[in-house]
Amino acid sequence: MISEVSNTAAKVDSTFLFIVGLSVALLVLITALMLFFVIKYNRKRHPVSENIEGNLPLEIIWTVIPTVIVLAMFYYGWSDFAYIRNAPEGALPVQVTGRNWSWHFTYENGMQSDVLKVPRNKAVKLVLTSADVLHSFYIPAFRIKEDAVPGMKTRLWFIARDTGSYEIYCTEYCGTGHSHMRSKVVVLPEDEFESWHSGQGGEGEKETEKRLLSEKGCLGCHSVDGSTGVGPTLKGVFGRSTVVVTGGRERQIVIDEEYLRRSILQPAADVVKRYPAIMPALPVSREEMDALIAELKDLQ
């Protein structure tokens, strides 16, 4: 059944079913011919082999028909690729940044989020890049996927037909936290989206308690509920006693403001024991640093 959840899903499903249908038909035909030849030309019926000189019309047929089939598959695949890459005029632009290990979305008015919120029945243009390594942005429900490449911009677009929440994954292995690099597309009615987009939604990420932790990608590796992640949990982090490795030597510390600031700017200086030294330095301003520290203090 062809999905109607987005314009891209319906288009890709049609091409997929076309290719699968052809493949099944060829499988049945080839299998039937094999069985026919095994029975008709078995050794009991033909104890003496014959020298077959060839059949020009037959050879032309089995060359031309597969060529036409392959070209048809290529045509439909290429047309879908070109369609998904080229957004129509007036599409809502959203900057998508992949980083170890989270997705970050920035709207043209400066609104930022770790969840992709979009209006229903409106074209959305995604411009993708990566802050570190190669990632691959994938929304299974919409049948769209595109690489996020460091130093360049790639693009795709879609129109979501139904309100709801849909999963986003990274499908390019990008390191230790690859399996945690997930987010969601939240499709809203247009008036509800406009309220959020204009900063009047009340629950927009700019108003939430963990705004900067989300925007800076901290929540891609660190949980705030005490569960284990790629990095240690941030729940109750301030004032917690822990063991860190500094210059190859272990030492016991109590996490204070100084340690938090150093860990944000120089994460390899003091690495919490039993966790890999994979956190990148975060580019933050003085104001953002103070806000991050305040948010971390509140996670009790």
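Here is a short chat about reading side-chain contacts in this predicted model.

Q: Is Asp 13 buried or exposed? And what about Arg 143?
A: Buried means under 20% relative accessible area. Asp 13 has 8%, so Asp 13 counts as buried. Arg 143, at 31%, counts as partly exposed.

Q: Which residues does Arg 261 form salt bridges with?
A: One partner is Glu 257, with the closest N and O atoms 3.4 Å apart. Both of these residues lie in helix H5, four residues apart, or about one turn of the helix. Another partner is Asp 290, at 3.1 Å between the closest N and O atoms. That pair links distant parts of the chain, since Arg 261 is in helix H5 and Asp 290 in helix H6, 29 residues apart. There's also a network: Arg 251, Glu 258, Arg 262 and Asp 270 are joined by salt bridges that share partners.

Q: Now rings. How many aromatic pairs are there?
A: A search of the whole structure finds 14. Among them are Phe 142 and Phe 158, 5.0 Å centre to centre with 45° between the planes, a tilted pair. Phe 142 sits in the loop between strand S6 and strand S7, while Phe 158 is in strand S8, 16 residues apart. Both Phe 142 and Phe 158 are buried.

Q: How are the rings of Phe 142 and Tyr 166 placed?
A: Their centres are 5.1 Å apart and their planes at 50°, so this pair is tilted. Tyr 166 lies in strand S9, so the pair ties together parts that are 24 residues apart in sequence. Tyr 166 counts as buried at 14% relative accessibility, and Phe 142 has a relative accessible area of 0%.

Q: Where does the charged end of Lys 11 sit?
A: Over the ring of Tyr 83, 5.0 Å from its centre. Lys 145 likewise lies over the face of Tyr 138, at 5.8 Å from the ring centre.

Q: Last one: which residues form a nonpolar patch on the surface?
A: The patch includes Leu 26, Ile 30, Met 34 and Phe 36, and its members have about 780 Å² of accessible area together. Phe 36 is in helix H1 and is partly exposed, with a relative accessible area of 44%.

Methods:
Residues numbered from 1 in each chain as written. Predicted model: local features only at pLDDT ≥ 70, side-chain atom pairs only at ≥ 80, totals over all residues. Heavy atoms only, no water. Patch = residues over 30% accessible without salt bridge, like charges linked within 9 Å, V, L, I, M, F, W, Y side chains within 5 Å. Areas by Shrake-Rupley, 256 points an atom, 1.4 Å probe, with all protein chains shown as cover. Salt bridge = Lys/Arg side-chain N within 4 Å of Asp/Glu carboxyl O. Helix = DSSP H or I, 4+ residues; strand = E, 2+ residues; numbered from the N terminus. Buried < 20%, exposed > 50% of the residue type's maximum accessible area, 1.4 Å probe, protein only. Phe/Tyr/Trp six-rings, centres within 6.5 Å; stacked < 30°, edge-to-face > 60°. Lys NZ or Arg CZ within 6 Å of the ring centre and 35° of its normal.
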